[in-house]
Amino acid sequence: MYKSKEFWNKRHAPNKGTEPEMVDRKYIPRFLTSGSNLIEFGPGIGRVYEFYKGYEVTGLDFAEQYSKECFKKAKEHGLVYRHIIHDVHKRMLPFDFKTFDKGLLIKVLLHAPPEECKTIIREMGHVCKEV
């Protein structure tokens with residue numbers, strides 16, 4: 001059985017590239033046209049943080065392994081950043097209703113078992129004004 005938390009905490013590299021892909025460059029800027037704060041669920045190594053300028057950013061992950069990389073990328077791009085380790089599969093997100101203007105899940109759901117996708121989407125919808 002696939003155990004996502006165990007897998008991501010042991011995986012050597014979260015994704016192949018360290019730079020945004022073409023699809024990221026096309027769609028993320030279109031989504032980030034307003035608001036002041038955002039949350040990214042499963043930020044990996046902060047590969048798309050260059051698009052978050054002007055936002056206060058919260059990275060939320062259940063894997064601790066890449067948090068240092070996220071802080072490094074956030075610093076490179078001058079972001080106000082916090083990184084929270086939280087297992088959304090076991091507990092509700094620790095934020096009030098509609099805390100964040102934007103919520104992003106970039107290539108996260110394709111790695112989650114179907115039974116976890118529903119929980120992730122529900123929780124992001126609860127804490128974000130727009131996902």
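Guide: A residue is buried under 20% relative accessible area, exposed over 50%, and partly exposed in between, with a 1.4 Å probe and protein chains only. With that in hand, take K129. At 52% relative accessibility, K129 counts as exposed.

First, the ground rules. This is a predicted model, numbered from 1 along each chain as its sequence is written; local features need pLDDT of at least 70, side-chain atom pairs count only at pLDDT 80 or more, and totals for chains, interfaces and linings use all residues. Side-chain values rest on heavy atoms, with hydrogens and water left out.

Next, the layout. The protein chain has four helices and five strands. Here helices (H or I, at least four residues) and strands (E, at least two) are DSSP runs, numbered from the N terminus. Read from the N terminus, the order is α-α-β-β-α-β-β-α-β. Keep β4 and β5 in view. Strand β4 covers residues 100-104, and strand β5 covers residues 128-130.

Now the salt bridges. Side chains of opposite charge can pair when their charged atoms come close. The cut-off used is a Lys or Arg side-chain nitrogen within 4 Å of an Asp or Glu carboxyl oxygen. By that rule there are six salt bridges.

Start with K129 and D101. Their closest N and O atoms are 3.0 Å apart. K129 is exposed at 52%, while D101 is buried at 14%.

Go on to K102 and E130. This salt bridge has an N to O distance of 2.7 Å. K102 is in strand β4 and E130 in strand β5, so to speak distant parts of the chain, 28 residues apart. K102 is buried, with a relative accessible area of 2%. E130 is partly exposed, at 36%.

E123 is buried at 2% relative accessibility, and R122 is partly exposed at 48%.

Now a charged residue without a partner. E40 lies in strand β1, residues 37-41. E40 is buried yet has no salt bridge. The nearest side chain of opposite charge is R47, 6.7 Å away. For that search, Lys and Arg count as positive and Asp and Glu as negative; His and the chain ends are not counted. What does E40 touch instead? Leaving out residues up to four places away in sequence, E40 contacts V48, Y49, Y52, T58, G59, L60, L104 and I106. Contact means heavy atoms within 4.5 Å.

The whole structure holds four aromatic pairs. Y49 and Y52 have ring centres 5.4 Å apart and planes at 35°, so the pair is tilted. The rule takes Phe, Tyr and Trp rings (Trp by its six-membered ring) with centres within 6.5 Å; planes under 30 degrees apart are stacked, over 60 edge-to-face, and the rest tilted. Y49 is buried, and so is Y52. F95 and F100 show another arrangement: their centres are 4.9 Å apart and their planes at 80°, so that pair is edge-to-face. F95 is buried at 12%, and F100 is buried at 2%. Ring pairs also link Y49, Y52, F71 and Y81 into a cluster.

R91 lies between β3 (80-85) and β4. R91 is partly exposed, at 48% relative accessibility. R91 and T119 are 28 residues apart along the chain, with C-alpha atoms separated by 9.6 Å.

Then the cysteines. The structure holds zero disulfides, a disulfide being a pair of cysteine sulfur atoms within 2.5 Å. C117 is buried at 16%, and C128 is buried at 1%.

Last, the chain totals. Buried residues make up 48% of the 131 residues. Of contacts between residues at least 6 apart in sequence, 68% join residues at least 24 apart. The protein chain exposes about 7,700 Å², with carbon and sulfur atoms supplying 55% of it. Those areas come from the Shrake-Rupley method with a 1.4 Å probe; for residues, only the protein chains shown count as cover.
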